[in-house]
Amino acid sequence: MGLHERAARQLRQMIVVGKIPPGAPIVEAELCALLGISRTPLREAVKMLAAQGLIELRPNRSARVAPMDADHIGDLFEGLSTVERMAAEFAANRITPAELDALHRMQATMERHYAERDLSAYFEVNQAIHGAILAGAHNATLVEMHRWLLARAERARFFALGARGRWVESIQEHRDILKALEARDGERAGRLLAAHVQHTGTGVLAMLATGGVDDAA
């Protein structure tokens, strides 16, 4: 992994978890010092994240973290719910016993993080579970589509867990999805996963409507 790719990963994580809030300027001197890199790899990292919609490049002004736009968020989650529904339907019939066992282990780990109220660790495993379901569909096109959408929606998914009651709902929804996959019930697994993603999107939109997502602009 190149220096700029490593910087992009670190910067992305800071944006996703809100350490650099929506609308905040990208201050090169501060970030170079924080990440221990020069301006050249930082600028390459910024370009990478701009291509994913996380950073906004502005002529004759410093780049900034892209604001969270309700219309854009709605479109993203509509696309995500469609792709993940199809993936769950396929996975119910195609997932291997080993892949299902791995999902069980991830679910147990996520349950532990939930009990410990460790939001960041919970979110990391949550994302891995969604990825494992996509992998269990054994459809490379769906995986590629999902990767593109998730790169743009990951920040919103993290913020959604801050919505009142959403964390409790999310853990139960994951339990139900896993049971449907175990039962090889593609219709139910797809319906539950699509609803889960839609609930997340609804939570983000509600937070935006009430000012629950801070914008530094």
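Colleague: What distance separates the centres of domain 1 and domain 2, taken over C-alpha atoms?
Modeller: This is a predicted model, in which local features need pLDDT of at least 70 and side-chain atom pairs count only at pLDDT 80 or more, while totals for chains, interfaces and linings use all residues. Residues are numbered from 1 along each chain as its sequence is written, and side-chain values use heavy atoms, with hydrogens and water left out. The domain assignment, whose bounds come from an automatic or database source, gives domain 1 (3–65) and domain 2 (70–210). Taken over C-alpha atoms, the separation of their centres is 27 Å.

Colleague: Which residue forms a salt bridge with Arg12?
Modeller: A salt bridge requires a side-chain nitrogen of Lys or Arg within 4 Å of a carboxyl oxygen of Asp or Glu. The rule finds one salt bridge across the interface of domain 1 and domain 2. For Arg12, the closest N and O atoms are 2.7 Å apart, and the partner is Glu154.

Colleague: Which helix gives the most to the lining of the largest pocket?
Modeller: On a 1 Å grid over the protein atoms alone, a pocket is an open set of points with protein on both sides within 12 Å along at least five of seven lines, and a lining residue has an atom within 4 Å of a point. The largest pocket holds about 620 Å³ of space, and among its 25 lining residues Arg9, Arg12, Leu150, Ala151 and Glu154 lie nearest the centre. At least two lining residues come from each of α1 (3–16), α3 (39–51), α6 (119–136) and α7 (140–160), helices being DSSP runs (H or I) of at least four residues numbered from the N terminus. With eight residues, the one that gives the most is α7.

Colleague: Why does the second largest pocket lie between two domains, and which are they?
Modeller: This pocket holds about 150 Å³ of space. Of its 13 lining residues, Gly53, Ala66, Pro67, His72 and Arg155 lie nearest the centre, and at least two come from each of α4 (70–94) and α7. The pocket lies between two domains because both give residues to its lining, namely domain 1 (3–65) and domain 2 (70–210).

Colleague: From which helix does the largest share of the lining of the largest cavity come?
Modeller: The largest cavity holds about 90 Å³, and its lining includes Phe123, Arg157, Ser170 and His196. At least two lining residues come from each of α6, α7, α8 (166–182) and α9 (186–209). The largest share, four residues, comes from α6.

Colleague: Which helix gives the most to the lining of the second largest cavity?
Modeller: This cavity holds about 50 Å³ of space, and Leu103, Ile129 and His174 are among its lining residues. Two or more residues come from each of α5 (97–116), α6 and α8. With four residues, the helix that gives the most is α8.

Conventions. On a 1 Å grid over the protein atoms alone, a cavity is a set of points where a 1.4 Å probe fits but cannot get out, and a pocket is an open set with protein on both sides within 12 Å along at least five of seven lines; lining residues have an atom within 4 Å of a point. Grid points are joined across faces, edges and corners, and a volume is the space filled by probe spheres set on the points.
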